[in-house]
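Trainee: I have a structure open and want to learn how to read it. Where do we begin?

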Amino acid sequence: MGLLARRTSLPVKVGDVIVGGTAPIVVQSMTNTDTADVARTADQVEALAAAGSELVRITVDREDAARAVPFIRERLDARGVNVPLVGDFHYIGHKLLSQHPACAEALAKYRINPGNVGFREKRDRQFSTMIEVALKHQRPVRIGVNWGSLDQDLAVRLMDENRLQATPKSAQEVTQEALVVSALQSAARAEELGMAADQIILSCKVSDVQSLIAVYANLASRCSYALHLGLTEAGMGSKGIVASTAAMAILLQQGIGDTIRVSLTPAPDGDRTEEVIVAQQILQTMGLRSFVPLVTACPGCGRTTSTVFQRLAEEIQVHIRRQMPVWSRQYEGVEAMTVAVMGCIVNGPGESKHANIGISLPGTGEEPAAPVFIDGEKTITLRGTGLAEEFKRLVEDYVRTHYPPRPAAEPSRDTAAA
Ligand code: SF4
């Protein structure tokens with residue numbers, strides 16, 4: 001079964017980025033710095049944006065953090081980093097947003113978790129305050145439900161109602177339904193308070209793959225709000241990447257999802273931008289968007305005992321990533337280029353022919369020569385120690401000669417008027 005048509009959703013404007021409608025699926029990420037630390041947070045936002053994050057969420061958990069937000073925005077603007085900032089609010093978002101208008105103004109979107117916006121009689125008042133601030137500053141919101149902080153009153157009520165049914169559902173099914181109902185009811189309340197449906201994005205995050213698929217399939221069938229996809233608390237390293245990819249790929253294949261975040265736990269001192277790269281790779285390997293040319297490399301086996309091809313594959317991927325900010329400004333369509341680095345004659349020439357440019361390195365016992373294929377044709381054979389540098393130069397030449405110059409960006413209205 002191929003990709004199903006994208007679900008029809010309402011487009012939401014977040015700063016200059018459109019989420020939903022016919023817009024490309026947006027990659028987003030979240031900082032893990034203390035937001036009150038303006039310098040470190042601005043640096044991390046800049047790094048995430050440079051890696052390709054099109055929206056960046058920051059925690060706004062206390063007064064110091066709320067006070068810092070406009071200064072973070074100012075620093076980013078001064079550096080020419082215009083990525084929209086999303087504020088993540090829990091428990092006291094109503095106070096922080098209403099008492100810090102500069103924070104409310106600096107943020108492009110507010111994330112509200114209906115499960116911890118306040119309890120019982122305070123819930124509606126505090127939720128309403130946040131929506132009123134959003135309306136005043138003309139900002140969209142994400143109503144982000146999470147099963148770790150699900151509205152307990154709602155969950156208990158649905159469990160009670162379920163018990164009275166002739167064929168009660170399982171507790172897991174009722175919890176999944178409660179997540180969806182919490183998101184939909186909160187969105188309906190936001191609309192009652194004056195928000196337009198195209199100012200609302202919904203998410204219902206869980207940490208279990210099958211539950212995430214079931215919850216989003218249900219949510220998608222019951223509304224036309226734009227949807228933010230993500231497996232919450234996905235975990236570390238390959239476990240987090242595999243779980244996020246498994247869950248999101250199935251939903252994206254069904255046309256569900258307008259923006260994605262991969263919630264990876266970084267290793268201590270690890271690179272936060274990994275979550276952006278994984279999100280991009282999910283979308284690119286599924287053929288939904290292109291960001292950076294991908295390197296196809298064989299896994300290696302007993303036919304190639306040297307590590308030359310492993311090193312070359314890594315070197316080429318790193319080189320391409322480093323060059324992309326320049327290439328993507330200069331050349332149209334370069335992000336879709338494919339490069340192959342293969343270990344021996346068995347699949348090397350064949351795979352290299354499928355790529356725009358590919359190299360087939362010699363396996364054990366083969367002649368020490370590496371044929372290069374360009375658009376399916378063998379064009380040159382590389383030998384010797386300078387092979388990596390020569391292949392990089394060929395990739396550069398390919399980019400220069402195969403992708404048309406990108407037209408200069410139109411000056412913005414502000415620049416034009418200046
Ligand atoms: S291309 Fe050659 S080296 Fe690479 S996995 Fe296949 S047989 Fe092994």
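Predicted model: local features only at pLDDT ≥ 70, side-chain atom pairs only at ≥ 80, totals over all residues.

Trainee: Which residues does the annotation "domain: IspG C-terminal" cover?

Mentor: In the unreviewed UniProt entry, that annotation covers residues 295–396. Over this stretch the chain is 39% helix and 23% strand. Its end C-alpha atoms are 14 Å apart.

Trainee: Now the strands. How do I read their pairing?

Mentor: Strands of a sheet pair through backbone hydrogen bonds, either parallel or antiparallel. Here 8 strands close into a barrel, with parallel pairing. The order is β3-β4-β5-β6-β7-β8-β9-β11. Take β9 (residues 226–229) and β11 (residues 259–260): 2 bridges join them. In one of these strands, β11, Thr-259 is the bridge partner of His-228.

Trainee: What does helix α1 touch?

Mentor: Helix α1 (residues 38–51) packs on the sheet and touches β3, β4 and β5. Its direction makes about 155° with that of β4. Helix α5 (residues 121–136) also packs on the sheet, touching β5, β6 and β7. The angle between the directions of α5 and β6 is about 170°.

Trainee: And aromatic rings?

Mentor: A pair of rings is described by the distance of the centres and the angle of the planes. The whole structure has 2 aromatic pairs. One of them, Phe-89 with Tyr-110, is edge-to-face: 6.1 Å centre to centre, 90° between the planes. Phe-89 lies in strand β5 and Tyr-110 in strand β6, 21 residues apart.

How values were computed. Residues numbered from 1 in each chain as written. Heavy atoms only, no water. UniProt positions renumbered as here; feature names shortened; annotations may be inferred. Helix = DSSP H or I, 4+ residues; strand = E, 2+ residues; numbered from the N terminus. Pairing = 2+ DSSP bridges. Contact = heavy atoms within 4.5 Å. Axes fitted to C-alpha atoms, helices over the stretch in contact; angles between N-to-C directions. Phe/Tyr/Trp six-rings, centres within 6.5 Å; stacked < 30°, edge-to-face > 60°.
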